[in-house]
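Q: Could you walk me through this structure, one feature after another? Please give me the general idea before each case.

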Amino acid sequence: NLPLRVLLEMFSRAVSTASVAGRRAMSGSAGGFKVAVAGAAGGIGQPLSLLLKNNMNIGHLSLFDIVNTPGVAADLSHIPTPAVVTGHTGPEEVGKAFDGCDVVVIPAGVPRKPGMTRDDLFNTNAGIVANLADAIAKHCPKAHVLIISNPVNSTVPITAEVMKKAGVYDPQRLFGVTSLDVLRANTFVAEALGRNPAETDVTVIGGHAGTTILPLLSQVEGADFSPEQIAALTHRIQFGGDEVVQAKDGAGSATLSMAAAGARFTSSLLRALNGEAVSECAFVQSTVTDLPFFSTRVHLGTSGVDKIDGYGTLSAAEQANFDEMIPTLKAQIEKGIAFAAAR
């Protein structure tokens, strides 16, 4: 006879496996979740799809774009990982792409060029995101929606308003992906401190554009930055995207690092949907400030947003930046809401 301890361990493993299997079965894709990438043939979409193909929690990777998706899908399908890859092109195939999705990641839209701000992308990307939100509301209203398309400070409110009109809005399932700000903060802070960036985790709050990005450098454990260092690091984190836009000299914006950030957040969410305790910074509906949306650290769970942290005590410099960015962020949120109302 097996010892009681061994029997208990076997039972515990069986229950855990059954629980995960049950969640995956509910997801509608045997062996993993169905995740769609909208804009999968683009500069962010292709490397993002590559990274997601290697995610063991994905059973079906559904790629959608207006052109070139079958080629991207065929290419990725040769990589020996469990995720089945399908490619879907054009509005007539969006239903097949989104049907039954657990997660939809949206990097679709046009990239920034030198001299452009994220807000300059509004006129083009707002309509793209709104149309995709319509399709999500129709074909996978229970999906978790991850917005990468800029300006995130406006496209997230647009998505929320579209989903509200359709009667399917769930604030626990809508995320503006601000993870690239965190990755930049981790990289630049680690460089300054001589640390391993992979073991550095800086909280970044606010929004995802210029001065609305506020890294909380005063809360980095063991750091003792001078005021000059804080000002330089904060500015570089806020405008790190401009470094890439200028370095690419008109050939695009941050695509590879944004894909890595999008894959990180998607991976964290899938782990949380499978029952792990995970936290990430994200731009979500929040009561942390008077604004309807704000980015702070979010605890993820099996239903999406589980708990939203406050931002703690700010330094004098951070408080000044905070006070300055709130009106800007408010205006960008309201711009998105107004666009959705006028459709």
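Q: How much space lies in the largest cavity?
A: On a 1 Å grid over the protein atoms alone, a cavity is a set of points where a 1.4 Å probe fits but cannot get out, while a pocket is an open set with protein on both sides within 12 Å along at least five of seven lines; lining residues have an atom within 4 Å of a point. Grid points are joined across faces, edges and corners, and a volume is the space filled by probe spheres set on the points. Here the largest cavity holds about 70 Å³, and the count of cavities of 30 Å³ or more is 1. Keep in mind that this is a predicted model, where local features need pLDDT of at least 70 and side-chain atom pairs count only at pLDDT 80 or more, whereas totals for chains, interfaces and linings use all residues. Residues are numbered from 1 along each chain as its sequence is written, and side-chain values use heavy atoms, with hydrogens and water left out.

Q: Which residues line the largest cavity?
A: Among them are P141, A143, V145, M163 and R173. For classes, Ala, Val, Leu, Ile, Met, Phe, Trp, Tyr, Cys and Pro count as nonpolar, Asp, Glu, Lys and Arg as charged, and the others, Gly among them, as polar. The cavity lining then has 7 nonpolar, 1 polar and 2 charged residues.

Q: What is the volume of the largest pocket, and which residues are the closest to its centre?
A: The volume is about 770 Å³. Of 39 lining residues, P107, A108, G109, V110 and S149 are the closest to the centre. Helices (H or I, at least four residues) and strands (E, at least two) are DSSP runs, numbered from the N terminus. In those terms, α5 gives the largest share of the pocket lining, 5 residues. By class, this lining has 21 nonpolar, 14 polar and 4 charged residues.

Q: How many bridges join β9 to β10?
A: Two strands pair if DSSP finds at least two bridges between them. Strands β9 (residues 278–285) and β10 run antiparallel, joined by 8 bridges, with C281 opposite R297 of β10. On to β11 (residues 304–308): β10 pairs with this strand over 4 bridges, again in the antiparallel sense, and the two form a hairpin with 2 residues between them.

Q: Is β10 mostly covered or mostly open?
A: Buried means under 20% relative accessible area, exposed over 50%, and partly exposed in between (1.4 Å probe, protein chains only). Strand β10 (residues 293–301) is mostly covered, with 8 of its 9 residues buried.

Q: Which backbone angles deserve a look?
A: Start with the peptide bond from N150 to P151, which is cis, with omega near -5°; P151 sits in the loop between β5 and α6. N68, which is not a glycine, has a positive phi near 70°, and N68 is exposed because its relative accessible area is 56%. D249, also not a glycine, has a positive phi of about 55° and counts as exposed at 67% relative accessibility.

Q: Which element has the lowest mean pLDDT?
A: pLDDT is the predictor's confidence in each residue, from 0 to 100. The chain mean is 92, yet helix α1 (residues 4–27) has the lowest mean of the elements, 44. Over residues 10–30 the pLDDT is below 50. Where pLDDT is low, the predicted coordinates should not be read in detail.

Note on methods: Contact means heavy atoms within 4.5 Å.
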